[in-house]
Amino acid sequence: MFIETRGNDGKKPEKVPFSFAILNPSASFGGLYVPETLPKIDADFLEKASLKHYKEITLDILKRFDIDIEEDVLKDAVALYDGFDDANEPTPLVQIENDLFVNELYHGPTRAFKDMALQPFGYILSHLAQKLDEHYLILAATSGDTGPATLDTFANKPNIKVACLYPDGGTSDVQRLQMTTQKSENLKTIGIHGNFDDAQNALKTLLASESFKKALEAKHIKLSAANSVNFGRIIFQIIYHIYAYVAMIKHNAVKNGKPFYTIIPSGNFGNALGAYYAKKMGLPIEKILIASNINNILTDLITTGVYDLRNRSLLQTTSPAMDILISSNVERVLFDKFGAHRTKELMGALKEHKVYTLSAQELASLQEDFEAVFCDDAFGKEQIRQYAEKGYVMDPHTATCLKAYQDLKTKPLPCVLCSTAEWTKFAPTMLNAVKQDSQIYSDKEALEGISTLLHVKIPECINTLFHQEIIHDKVVEKESIEAEIFAFLNFTCKKECS
């Protein structure tokens, strides 16, 4: 069963099953749903897992969560990993230093780690909508990768419509094209004048808006979300952290039960939350090392205990998926450590005063599991160049993790670095890094340049983007988002009803 991070308002059920939580992700007082308890894994589970493929391990872990989704539905959802580059190993583990392994999470259809969760999640949510004979509007806000992955998983799904918000100018060209060329009639991509935090705030406002929900109800449409505020995303993000450790056992890189570090480039903190839950379940993570870019609000929180949005503006960097100041999933960690009352208090302070401060004891508790550091674009580009010379190609987000590897790793333990996107999503930055120049390249020119210089293949799904028609070209002010969504729904409803 699932409970609420800010307590119960007396209107919603006090405990809900998994299916309810993913269909209705907005909890009381604007909070989030979390599992009441976590299942446990032990050395015996990990030993047996080392003899299994990723899909088998995924089903084993989902079974331990005892969620209210039929086994055959889960099997069909997990079978979508067959469409990844390697069906048996959708997240290959690649060694780049004696003690450093890269967990490549981007081998799915949109070339980013969001596919790992959104491919099965989209199937399950669509199944539930059909089973209940209900129609859903799925909202997504993206800093570049959630959007394409959401649109891909829900394309042409019955009973589902998707409205995806992205910051105009805040994504790479490839990411923008992945969203704006979508042809499925049940999908709508909306550019907004603003940044990712503006898009995410708009999403949260709509999810909590009674008038918006009533307007949808009048059309017999219910509301849900595909961002990591939805636990349907998080449950699948726990699994690849466990699999990485199992892969190290297979490679004789770690003895079963011995600790390791995991390093995560973090924006909205969902990936880090997955690692935190995996640790609580029994995965022997020594520390979760958080890497940020110059939007280093998470570094400030984890090192000082202060989350401060005052006099702070979002800065655009070459790792745009991490250009975030409001990291939603931190709330779930706060709840797990300090309870609903304190979480509601802290999140209320952030909304009202744009700042909250942990006590010394609370900070010490947070630091039991997390350490954090940040770097600038120049550092990331230098790491890209150096590793390219060694024969390994990493994207700008992955490159930030080298700062944590160099500065925060204090014990002689193996490290797993989560690589969240393929280099193809950020080709101009890659070419600047490799050529050590500041020239402005188009994505197409940069893709071809990197492919030639580093002898790496451009996936066909990326190459074909540049020849596709742009379907969704509208960019609106934040205040016009709701009207734009209603225009989309009116059009599609009339078409279906005729």
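This is a predicted model: local features need pLDDT of at least 70, side-chain atom pairs count only at pLDDT 80 or more; totals for chains, interfaces and linings use all residues.
Six strands make up an open sheet, and their order is E3-E4-E14-E9-E10-E13. The pairing in this sheet is mixed. Strands of a sheet pair through backbone hydrogen bonds, in either a parallel or an antiparallel way.

Which strands stand at the edges? They are strand E3 (93-97) and strand E13 (370-374). Each of these has a single partner strand, so one side of each is left without a neighbour in the sheet. On average, neighbouring strands of the sheet are turned by 25° against each other, with direction ignored.

## The pair E10 and E13

Strand E10 covers residues 285-292 and pairs with E13 in the parallel sense. The pairing runs over 5 bridges. Within it, Ile290 stands opposite Ala372 in E13.

## Helices on the sheet

Helix H12, residues 297-304, packs on the sheet and touches E10 and E13. The direction of H12 makes about 135° with that of E13.

Helix H16, residues 396-407, also packs on the sheet. The strands touched by H16 are E3, E4 (100-104), E9 (260-265), E10, E13 and E14 (415-419). The direction of H16 makes about 140° with that of E9.

## A nonpolar surface patch

Which residues make the nonpolar surface patch of about 220 Å²? The patch is made by Ile294, Leu315 and Phe374. Phe374 is in the residue range of edge strand E13 (370-374).

Leu315 lies in a loop, between strand E11 (306-308) and helix H13 (330-353). The relative accessibility of Leu315 is 37%, so this residue counts as partly exposed. That class lies between the cut-offs of under 20% for buried and over 50% for exposed.

## Two loop residues with positive phi

His220 is a residue other than glycine with a positive phi, near 60°. The loop that holds His220 runs between helix H9 (210-217) and strand E8 (221-225). Is His220 buried or exposed? His220 counts as exposed because its relative accessibility is 65%.

Gln436 is likewise not a glycine, and its phi is positive, near 55°. Gln436 is found in the loop between helix H17 (427-435) and helix H18 (443-454). With a relative accessible area of 58%, Gln436 is exposed.

Methods
Residues are numbered from 1 along each chain as its sequence is written. Side-chain values use heavy atoms; hydrogens and water are left out. Patches are made of residues with over 30% relative accessible area and no salt bridge: like charges are joined within 9 Å, nonpolar side chains (Val, Leu, Ile, Met, Phe, Trp, Tyr) within 5 Å. Accessible areas come from the Shrake-Rupley method with a 1.4 Å probe; for residues, only the protein chains shown count as cover. A salt bridge is a side-chain nitrogen of Lys or Arg within 4 Å of a carboxyl oxygen of Asp or Glu. Helices (H or I, at least four residues) and strands (E, at least two) are DSSP runs, numbered from the N terminus. Buried means under 20% relative accessible area, exposed over 50%, partly exposed in between (1.4 Å probe, protein chains only). Two strands pair if DSSP finds at least two bridges between them. Axes are lines fitted to C-alpha atoms, for helices over the stretch in contact, and angles run from 0 to 180 degrees between N-to-C directions. Contact means heavy atoms within 4.5 Å.
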